[in-house]
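This report describes selected local features of one protein chain. Please keep the sequence and the model in view while reading.

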Amino acid sequence: MSQPDNKLEGVEDLERKKKKEEKAREKELKKLKAAEKAELAKLKAQQGADAPKKSAKQNIRRDTGEDYPGDYVDPETPFGEKKRLSCQMAKQYNPSAVEKSWYAWWEKSGFFVADASSPKPPFVIVLPPPNVTGALHIGHALTSAIQDTIIRWKRMSGYNALWVPGMDHAGIATQKPHGLWSTLWLVEPEDAHSILRWKILDAILQVVVEKKLMRERRLTRHDIGREKFVSEVWKWKDEYGGTILRQQRRLGASLDWSRECFTMDERRSRAVTEAFVWLFKEGLIYRDLRLVNWDCILRTAISDIEVDYVDIKERKLLKVPGYEDPEGLGEIVVATTRVETMLGDTAIAIHPDDKRYSHLHGKFAIHPFNGRRLPIICDAILVDPSFGTGAVKITPAHDPNDFEVGRRHNLEFINIFTDDGKINSNGGSEFVGMPRFKARQAITVALQEKGLYRSSKNNEMRLGLCSRTNDVVEPLIKPQWYVKCSGMAKQALDVAMDAENRKLEIIPKQYTADWKRWLENIRDWCISRQLWWGHQIPAWYVTLEDDELKELGAYNDNWIVAKDESEARVEASKKYAGRKFDLCRDPDVLDTWFSAGLFPLSILGWPDDTEDLKTFYPTSVLETGHDILFFWVARMVMMGIKLGGDVPFRKVYLHPMIRDAHGRKMSKSLGNVIDPLEVINGISLEGLHKRLEEGNLDPNELTVAKAGQVKDFPNGIAECGADALRFALVSYTAQSDRINLDIQRVVGYRQWCNKLWNAVRFAMSKLGDNFVPPVEVHPKTMPFSCKWILSVLNKAILKTMSSLESYEFSDAATAVYSWWQYQFCDVFIEAIKPYFAVEDPTFSSERKSSQEVLWLCLETGLQLLHPFMPFVTEELWQRLPSAKDECWTNERVELEMDLVESTVKSLRSLRSEGLTKHKNERLPAYAYCQSEEVADIIKSHELEIVTLAALSSLEVEHGCYFSSEYLIFFSCCSSARCAFENVNENLKVYLKVQGELNAEAEREKIKNKMEEIQKQQEKLKKTINASGYEQKVPVHIQEENATKLAKLIQEFEFFQKERSRLEAVDGCN
């Protein structure tokens, strides 16, 4: 294996020297503090009668080696300084104590700051935009945990790792010592460089602030005007931005805060303007009057991918924002047409071949409410004569299909809705001002009164809802700005699908098909939004003095796109030379995803040719949820190729979407939204309820949400710490496309942190105060258990690294966890305890080797775990010096340890199954081996087996399984009885116990084993004796089957002999 810490001798010596000097200073400081405490105790002794007793007791405890509680408490650390550790390791892991102070020191020390001039290979990540409105939830913690794992691993592996925090204008504001992750593998602090991006969709933010205004002041944004509303948004940004940043720091996200940026700062705003102007000049941005998806709550257009469609099978009432009672909405989901849109009808379409209406070709119908003449047109594309009545009302301004019909037949486009979804003056005085769904009721009644209403029938349909507000999307005709996507989409498709020249890899591969399907069917992207918060579109409308129509946008050719107003005025003067004009900037803002699509470029300084852009573009990997594959990922790829000349990243890793333990989406109304800080710090049930009460839920939703919290968190959430939360989230990533998060699993990893803490605490106690780390180790001269632990550690390193390289994060976490838990803690620490039990000179060599290997395991194991659990590993590692690489893999040692572990497991099983009286008593055991080789292995590792299986002794014999002496030995040597276990075909173990063995139970066990073996024999014999077996089955399979059958026969004979042995034992008693 190629270890990641390829260390330069000079640098390493310097770092080790610095660390020793620092430890010496700390030791001297502790001595001074101890002297000060002693002096203070003397003063108190002179001041009162009781004080001397207390001080004397403390001194007595110290003199006699007893614990002094103060020795286990970390001294207070000034903010930003390296954490001051207690004299003694605390007896139990405490996440709040362990995770305190480290991050401030990391940040102040510049460990996360990188240098674009570094010769190391760059590695760059862009964090996806969390779709939130305040504090981050547990789903965003998943993103941070995965990305920080990647960036710390790459930083430790010698890369110039880049992870920069940026704030999106949609609502987030923010406003050389060594650490484990840098020094372990000697990555210089100035080369640690990272990218984070926090993003809230501007429309969502606008809704949040509007709700706040309404709740607190009973005002809408229109009541206070654009300028004051934008000011309110900035206030919200300042208030909640800090919460998000604290959460990131509390999670341990190793971001380069020195490179923090904001999408509406001067450089990022200039990038947005440059991109818009450039794309417009290239003919890729244009303005057109088209049907758009309109949200009447937000009063803005939304993109196609921001519409969620629900399938309605039958009559159903839906709750729509702005309507208190849903009972007027039934028709919206069952009617073949929307009744209220008839106010904007401008034609009736029939099929040209429908004989029922042939007499109406070229005729007109009269509108029942406004008397408008409606031409009856023939359209074979739209009309299906077999569906409904075969006659279709046409509303070109309010239906996508009707819009195309209107274009084909040059019909009038009449908009009947205001921006907030009410009937405008085009709808007639009888209905003007009515909300659209109230108008639906009124029009239905009016038709009934006129005798024109026939009936209503259920009709299966798809209903579009805004993914942000849950409002029913209304198709409206509006002039908007669009990006022409077909050409850019083809480029984005080719870079992912071209097998010979693939520049973009999507992981997991299953999402490549989604990528292909979406890009092949892409529509032009509507990028203008009728909002007040965001990047105002750099386009100015020219109103000429002699224009007949003076409204903004009345003439589509009168738009000037420029970087600023002065440039626009120059361009207008050239275009309309000698004519008087006025300029007015488009009040609309750009879709927030437009600036998001530029993010990999703009954070690196584009459009300027900066050193950052040269060094770090394209980035290395984009890690995000699959839900924004098209919202964000595809648009970054399209814009990156077009503006940056290359894909913005080489790989895309799509993590699962996080849900609650029951598989439900996280929702405030269900009460299952989890704040990462609540998991890290812990929170009572009352605290969870309080958070809900401070939110925007209505009383009914609040009741439901509280009930959900009582069910899921009856005792609140226990304090877990950031490390446990991170490790749990990363471990969950193996769960297909969704994660069902159970907080109890996080609690389990918090408990595992305690086991890790105590294992390291034990190991440290065996190193002693004067331990000097080895310059190099020699596994060949070490005890067996030491060779084995180094061998399996090397394999754990290889597995972890290979899993991280292939983005199999759950496998990587499992590899690290398994080594610490099952090999280091459960086996190695236990196996070496005899070397430290007494000062036996015969064990001096083994003791020294065990100390060195203990230290190597701690040093390397903590490095391996650090990207997943940065806080606890930093704290533990800071108590250690530095290590060298060594090739520790030893296949033979691992094979032998496998046999030892199997033997121990069998002996432990015998004890736990039936020997209740002797459960904690050391008992003698026997091992009977089929071969001399197996016997030699068991004999050579007698100490490990005796220690791990808690035996008093172990006798090893071989080669006499079925002799008469074999039976006589057990039946007549004494009145003792033995329980037995079959380890494998070559090894059987027996546990000797005085008088407690249940012979009947043993005979039953033997009977069951023999029946099982007999079934396997019969099945295998049937296969071997099948017709054509020798001709059809490959020779190597035949040989394997023959070997299996021979082993089964041997096993059967063994259990026959065991049955005879038990009968002989009973005869002797």
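Asn410 counts as exposed, with a relative accessibility of 71%; buried means under 20% relative accessible area, exposed over 50%, and partly exposed in between (1.4 Å probe, protein chains only). Asn410 is located in the loop between helix 12 (400-409) and helix 13 (436-449); helices (H or I, at least four residues) and strands (E, at least two) are DSSP runs, numbered from the N terminus. Although Asn410 is not a glycine, its phi is positive, about 55 degrees.

This is a predicted model, in which local features need pLDDT of at least 70, side-chain atom pairs count only at pLDDT 80 or more, and totals for chains, interfaces and linings use all residues. Residues are numbered from 1 along each chain as its sequence is written, and side-chain values use heavy atoms, with hydrogens and water left out.

Arg218 is likewise a residue other than glycine with a positive phi, near 55 degrees. Arg218 belongs to the loop between helix 7 (202-217) and helix 8 (221-224), and at 62% relative accessibility it counts as exposed.

| Residues joined | Omega |
|---|---|
| Ile507 and Pro508 | about -5 degrees |
| Trp606 and Pro607 | about 15 degrees |

Pro508 lies in the loop between strand 15 (505-507) and helix 15 (511-520), whereas Pro607 is in the loop between helix 18 (599-602) and helix 19 (611-616).

In helix 26 (residues 784-805), 16 of the 22 residues are buried, so this helix is largely enclosed by the rest of the structure. Tyr807, which follows helix 26, has a positive phi near 60 degrees.
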